[in-house]
Amino acid sequence: MKAKAVAAAAALLLFPLTGCGSAEAGSGSTVTVTVGYQSKTINTVTAGTLLRSLGYFEKQLDALGDGTTYKVDWQDYATGAPITAQMTAGKIDIGSMGDFPLLINAARGKQLGKPTHLVSVTGYNLRGGLNTVVTAPDSKLASIEDLKGKKVSTSVGSAADGTLVRALQRAGIDPNKGIEKLNQQPAVGASALSAGSADALSQFVAWPGLLAYQGKAKALYDGAQLDLPTFHGVTAREDFAQKRPAVLEAFLKAQAEATAYLNDHPVAAAESVAKATSLPAEVVYLYNGAHGISTFDPAVKPRLVSALKEDVSILKAAKLTGDIDVDSFVDDQYVKKALGTSYAEQLAAAPAPAASEVWPKGAEETLAFKTPAELLTYVGRHKDGIRAAYVPDATTGTLWFADKAIWVADGATLLPFVAPATAQAYVDAHGGARVVTYADALGRAS
């Protein structure tokens, strides 16, 4: 069954979909530019959902002044696989997807003589916090080691699958034989978890946060425990980039503008993405907020490229690709030209420091606190006025909902953790420390 699932996933990538218009359809001086994106994969919003709503790409195209009328065809997909299929068929010019799908995009493009290139980055987390393994709310599983012999849902070929494989390997569990892996799309896996036909779910943004927020899951493993970068990026067809470099540069300039908007107006951006995707704004902000799990800037950082190279072995083991020349896949010349002198600054940019945040009801800005205890004090005094409260994991820095975190009391210090195993590890290493309930933590801080 596993072999059939992998073969089906590969077939989806190898055979183009039908029914879509030409990537450069048009007559006379009209050109249509087709952009493939994933609205619900919210770490691509600066190249998709948010960018589309702001209209920055269209404005950049209008400003080219080359006598051509440009139209943008935005095509929304659930995953990166159909975007890759459409790109290799010459029907999508620019697409955005996660790091593992990007590698498959590179492999399929080369295999079919339709090469593509990674041209910019959207959202990333330098420790790997974009992927999380979750279990049912009443599950007794407490660590990744407890998954041995269990049914685990994930999407083979995704970064979330990569996180699962690496976490199992570090725990001494064979990722192929030690668990029963269910190769499922995120929504199917979420349903399987709720129905009890899966013991755990390993998925990418925004599924873990969404299920936790809805009370349908709790975190078992924080991907940031791996301390390996994971990211989403923008890929473009080589022939399109060479034929219309000004158009690609216009897209990357627009992406940079959307990134600036997100960074300057994180609450408004979260509300905008929520409206377009039907995701709760509180979940969007968890990932894309001022101190969210994801950091946004378009620069292609060497550390991310290095991580991409390390990911190849995971895909090869799953028999989804062979060797991939990552260096030839990465092409940052267009984003360098688009951003000009600011590129070096963005290349050196670091994620915002971890901070606790409260989103008061009716507020257009969040409140930041130096410590989780200070946040708890505020929440305790304004219980009826809180829309959402977020705290960073004490060891990984991954932001999580305060009421969903595992809390540890160490004397007068209150520390939040995403996963139970990391909380227990802290307790074991600090005499007198103990796990407490969220209600107890609130009471101690008041």
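Me: Is Trp74 buried or exposed?
Reply: In this predicted model, Trp74 has a relative accessibility of 10%. A residue is buried under 20% relative accessible area, exposed over 50%, and partly exposed in between (1.4 Å probe, protein chains only). At 10%, Trp74 therefore counts as buried.

Me: Which pLDDT do side-chain atom pairs require?
Reply: Residues are numbered from 1 along each chain as its sequence is written, and side-chain values use heavy atoms, with hydrogens and water left out. In this predicted model, local features need pLDDT of at least 70, totals for chains, interfaces and linings use all residues, and side-chain atom pairs count only at pLDDT 80 or more.

Me: How do the rings of Tyr37 and Trp74 pair, and what is the arrangement called?
Reply: The whole structure holds 11 aromatic pairs; rings of Phe, Tyr and Trp (its six-membered ring) pair if their centres lie within 6.5 Å, and planes under 30 degrees apart count as stacked, over 60 as edge-to-face and the rest as tilted. The centres of Tyr37 and Trp74 are 5.9 Å apart and their planes stand at 90°, so this pair is edge-to-face.

Me: How far apart in sequence are the parts that Phe57 and Trp74 tie together?
Reply: The rings of Phe57 and Trp74 also form an edge-to-face pair, with centres 6.4 Å apart and planes at 85°. Helices (H or I, at least four residues) and strands (E, at least two) are DSSP runs, numbered from the N terminus. Phe57 lies in helix α3 and Trp74 in strand β2, so the parts tied together are separated by 17 residues.

Me: Which residue has its charged end over the ring of Trp359?
Reply: Trp359 belongs to a cluster linked by ring pairs, together with Tyr213, Tyr285, Tyr390, Trp400 and Phe401. A charge sits over a ring if NZ of Lys or CZ of Arg is within 6 Å of the ring centre and within 35 degrees of the ring normal. At 4.1 Å from the centre of the Trp359 ring sits the charged end of Arg387.
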